[in-house]
Amino acid sequence: MSQGQKFLDDVIGRIDDAAKKLSLDHNIHKTLRTPRRSLMVTFPVKMDNGEVEIFTGYRVQYNYVKGPSKGGIRYHPDVSLEEVTALAALMALKCAVVDIPFGGAKGGVACDPKKMSMDELEHLTRRYTYMILPLIGPEQDIPAPDVNTDYQTMSWIMDTYSMLRGYTVPGVVTGKPLQLGGSKGRATATGRGLTYATEEMLRRLSKSAKDTTVCVQGFGNVGMNVAKFLHMDGCRIVGVTDMTGGIFNPKGIDIPSLAVHSEKMKGIRGFSGGEFVTEMAEANRRLLSMECDVMIPAALENQISGSNASDVKAKIIVEGANGPITRDADEILNKKGVHLVPDILANSGGVIVSYFEWVQDAQAYLWSEDEVNFRLKDLMTAAFGQVWNSAEKHKVNLRKAAYMLAVEKMAEITRLRGIFP
Ligand code: NAD
């Protein structure tokens with residue numbers, strides 16, 4: 001079975017578990033376990049060497065009962081329809097957990113951006129935008145950055161969409177630069193939100209940041225920012241991995257210096273502030289079995305599975321990536337007593353500030369960074385409290401509680417709206 005199919009089966013399986021536990025009406029359940037629209041596109045891009053290459057891309061709108069669908073765009077060789085559908089479902093659940101008026105979507109193109117020039121990436125992005133144009137728009141479906149896409153990708157999408165419409169439409173994407181209608185605080189929002197989620201968990205376990213050791217898998221937008229914020233809180237970051245290897249230092253890694261190094265060298269390889277492991281698989285093996293208080297997987301899905309979950313020694317896992325832990329690993333970690341803050345709660349900071357960006361674009365009015373961060377903390381802390389209370393009420397772990405909360409909210413809206421026609 002492909003990794004994408006496994007990921008999708010896990011997400012749908014968790015929705016099924018929540019529906020069962022809630023004794024959900026079986027007709028409503030059917031609507032929540034299937035995606036509404038899935039678009040697959042194949043399109044040509046002229047490469048720098050004059051050759052034309054054909055790429056395959058997707059956009060999946062999993063659910064839009066709550067409002068426009070929302071979700072990032074990923075560029076990665078492993079992108080598939082199943083992976084994008086699983087990620088779109090997680091977006092729908094996430095927007096429900098944190099009470100923002102969006103459904104869930106995701107997009108992606110199967111490509112290796114590390115081997116492409118900026119010109120090639122721009123052509124690919126513009127043509128992909130053209131191909132998914134019938135689905136996207138500020139009131140329909142709003143893309144954002146995900147793995148290997150960033151503010152520049154969003155700028156190209158916004159420009160392409162605007163050119164084809166004939167007027168400037170900032171609200172078609174979020175995660176844009178400030179000059180194009182982006183929001184202050186968006187670039188760091190997922191890392192900041194993860195930090196709030198970690199702080200809430202530590203507070204409930206009566207642990208202080210100063211006595212907490214952390215390891216982080218992935219040092220991109222999410223991993224680097226959460227490492228920076230937790231380091232500022234006083235936590236000791238003892239291990240970090242990315243695609244170029246892993247750095248380990250029990251005394252604590254100098255995260256601000258690692259961030260500067262990584263930006264400059266396009267990866268953490270070559271950083272001297274600790275013991276460096278150059279082979280990625282070995283570095284990840286070591287990281288996932290490290291003695292530490294908190295582990296933050298912030299790279300890709302299916303990283304902690306039935307085959308390595310029993311090696312985990314962390315007491316708390318806060319999911320930065322979407323779907324980093326498989327369903328069979330959940331059972332093992334649960335039995336070990338690991339406190340797990342699930343992705344649909346923990347990494348929701350990005351979509352929350354994307355929502356703020358969309359609101360600011362609609363108002364054509366820029367909020368201050370303090371206001372963005374204050375509102376982010378407010379929504380995340382409220383959602384954490386709701387999930388915590390739901391876990392206590394139903395006597396389940398935080399993953400199950402978050403899924404039950406999301407499924408219950410989406411089911412209620414579906415019930416009120418009814419089935420068309
Ligand atoms: P990114 O492209 O900025 O960074 C990805 C990082 O992971 C890079 O450092 C890369 O080297 C590393 N990586 C990739 N494969 C790895 C592996 N096998 N082992 C160790 N490191 C590996 O992507 P990102 O935006 O930081 O997204 C990371 C995860 O967080 C994804 O699952 C994404 O869906 C999720 N997420 C992102 C956002 C956001 O706002 N960007 C929001 C919510 C969730």
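Lysine 46 stands opposite valine 52 in S2. This is a predicted model: local features need pLDDT of at least 70, side-chain atom pairs count only at pLDDT 80 or more, and totals for chains, interfaces and linings use all residues. Residues are numbered from 1 along each chain as its sequence is written, and side-chain values use heavy atoms, leaving out hydrogens and water.

**The sheet**

Strands are DSSP runs (E, at least two residues), and helices are runs of H or I with at least four, numbered from the N terminus. Two strands pair if DSSP finds at least two bridges between them. Five strands make an open sheet in the order S1-S2-S4-S3-S5, with mixed pairing. S1 and S5 stand at the edges with a single partner strand each, so one side of each has no neighbour in the sheet. From one strand to the next, the twist averages 25°.

| Pair | Sense | Bridges |
|---|---|---|
| S1 (residues 37-46) and S2 (residues 52-63) | antiparallel | 10 bridges |
| S3 (residues 69-76) and S5 | parallel | five bridges |

S1 and S2 form a hairpin with five residues between them. Glycine 50, in the turn, has a positive phi of about 90°. Lysine 70 has isoleucine 142 in S5 as its bridge partner.

**Helices and surface**

Helix H4 (residues 118-132) lies across S1, S2, S3 and S4, at about 140° to S1. Angles run from 0 to 180 degrees between N-to-C directions, with axes fitted to C-alpha atoms, for helices over the stretch in contact. Contact means heavy atoms within 4.5 Å.

Leucine 164 is in helix H5 (residues 151-165). It counts as partly exposed because its relative accessibility is 43%; buried means under 20%, exposed over 50%, and partly exposed in between (1.4 Å probe, protein chains only).
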